[in-house]
Amino acid sequence: ATLAKMLRPCFMLGLAASAAGFSAPPLARVVRSCSAPPIVSSSAVALRTGAVVMQKEDGVRAGLVTEVPFEVRFSIGNVVSISGGVLLLYCLLSYLLSNGQADLLQTLGFVYAIPALVGGLALKYAELPPVPLTQIGAAAQELEALRELKATKIQKKILSDATRYTYGDAHMEEPLRALKLAPRGMGPPELKALAESKTPSGGYALSMTFYAPNTPYRVWKDRMAGPDGGRVARFFGDGKKCLRAWVKLVSAEERTVELTIATLEQGDTGEALELLADGSYVPINTAAEEETAKKA
């Protein structure tokens, strides 16, 4: 009891100090700390974002083609899964040959081999192999030199993106969705093949063959229609009149479509065209224009 009486003043002093330490801050301080941040208009944000994109690389919009810090020309899934499998097999055989006695190296091998094998198989499941590329009408070296000389940055990025291993999104998924060539709730057309060639006017042409089970051919033509090359040419040309485009129905039964974007050379009209089966080109009209022509 005597000890409690002696400690009571110290206890009361501690309560007073703690109450003083946890006193509420002034109201003005609370209002300042809870005040909303300054409002920035969406146009200002867009201008700043656009400036950053254009400073990063002129002529290529963010989201058009996936930008990566480095390109992988081999299968990461194969490397990780094979190395994990080999390490696991080595540790398992060493464990069995040593009559069930495992040392530190074998234990660490088991610890790292199993996650590496599982992770490698997961990467392999999400892996998209490179799209095959063919050269048409000229030697490969000639077309490569033409590509370096005349191809736009977007054409080069499309080719680079589609001819390497990717993980996650499909090849050309973002551009196809931006062009509304992927129906809502369905997957985008699948890029099956690439081809490069030289146009009669001396330009560089990049052809992309798509398997499009969910996108009617009429939709492709509507996206192409227009005297200025249509939405496709404007999109891949980054708003500049530097590309022209044409489309071809490869097979109606297999639902395959070939889309070609070519550099606009002197003498080219820039009008969006449809390549027919006989090799001739005809202007593309919208569905409304075709209906009007039929009624007339």
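**Entry 1. Setting up**

I take buried as under 20% relative accessible area, exposed as over 50%, and partly exposed as in between. I am working on a predicted model. With those cut-offs, Lys-156 counts as partly exposed because its relative accessibility is 30%.

**Entry 2. Salt bridges**

I looked up the salt bridges and found 10 in the structure. I went through three of them, starting with the partner of Lys-156.

The side chain of Lys-156 meets that of Glu-148 in a salt bridge, at 3.9 Å from N to O. Glu-148 is exposed, at 54% relative accessible area. Lys-156, at 30%, is partly exposed.

Next I noted the salt bridge between the side chains of Glu-173 and Arg-177, at 3.2 Å from N to O. Both residues belong to helix H8, which covers residues 173–178. They sit four residues apart there, about one turn of the helix. Is Glu-173 buried or exposed? I read a relative accessible area of 14%, so Glu-173 is buried. Arg-177 has 37% and is therefore partly exposed.

**Entry 3. Arg-244**

I stayed with Arg-244 to see what surrounds it. Arg-244 counts as buried, because its relative accessibility is 12%. The side chains of Arg-244 and Asp-268 are also joined by a polar contact of 3.3 Å.

Which residues does Arg-244 touch, leaving out those up to four places away in sequence? I listed Thr-199, Ser-201, Ala-233, Thr-260, Ile-261, Ala-262, Thr-263, Leu-264, Asp-268 and Gly-270.

**Entry 4. The largest nonpolar core**

I turned to the nonpolar side chains. The largest nonpolar core has 35 residues, and Met-208, Trp-220 and Phe-236 touch the most other members. At least two residues of this core come from each of helix H6 (140–150), helix H7 (153–162), strand S4 (190–198), S5, helix H9 (217–224), helix H10 (230–236), S6 and S7. I noted another core apart from it, of five residues, including Ala-205, Trp-246, Ala-262 and Leu-273. As background, nonpolar side chains in soluble globular proteins tend to be buried together.

**Entry 5. Met-208**

Where is Met-208 found? I placed Met-208 in strand S5, residues 204–211. Its relative accessible area is 0%, so Met-208 is buried.

Setting aside residues up to four places away in sequence, Met-208 touches Ile-158, Met-172, Leu-191, Ala-193, Leu-194, Val-257, Glu-258, Leu-259 and Ile-261.

**Entry 6. Trp-220 and the aromatic pairs**

For Trp-220 I again left out residues up to four places away in sequence. The residues that Trp-220 touches are Leu-176, Leu-181, Pro-189, Phe-210, Ala-212, Thr-215, Val-247, Val-257 and Leu-259.

How many aromatic pairs does a search of the whole structure find? I counted three. Phe-210 and Trp-220 form a tilted pair, with 5.6 Å centre to centre and 35 degrees between the planes. Phe-210 lies in strand S5 and Trp-220 in helix H9, 10 residues apart, and the pair links distant parts of the chain. Both Phe-210 and Trp-220 are buried.

Trp-246 and Tyr-281 form an edge-to-face pair, at 5.7 Å centre to centre and 85 degrees between the planes. Trp-246 is in strand S6 and Tyr-281 in strand S9 (residues 281–283), so the pair ties together parts that are 35 residues apart in sequence. Trp-246 is buried, because its relative accessible area is 9%. Tyr-281, with 43%, is partly exposed.

**Entry 7. Cysteines**

I searched the whole structure for disulfides and found zero. Cys-91 is buried, with a relative accessible area of 1%. Cys-242 counts as partly exposed, at 26% relative accessibility.

Terms used: Residues numbered from 1 in each chain as written. Predicted model: local features only at pLDDT ≥ 70, side-chain atom pairs only at ≥ 80, totals over all residues. Heavy atoms only, no water. Salt bridge = Lys/Arg side-chain N within 4 Å of Asp/Glu carboxyl O. Buried < 20%, exposed > 50% of the residue type's maximum accessible area, 1.4 Å probe, protein only. Contact = heavy atoms within 4.5 Å. Core = buried A, V, L, I, M, F, W, Y, C linked by side-chain atoms within 4.5 Å. Phe/Tyr/Trp six-rings, centres within 6.5 Å; stacked < 30°, edge-to-face > 60°. Disulfide = S-S within 2.5 Å. Polar contact = N/O pair within 3.5 Å; in protein donor to acceptor, adjacent residues only side chain to side chain.
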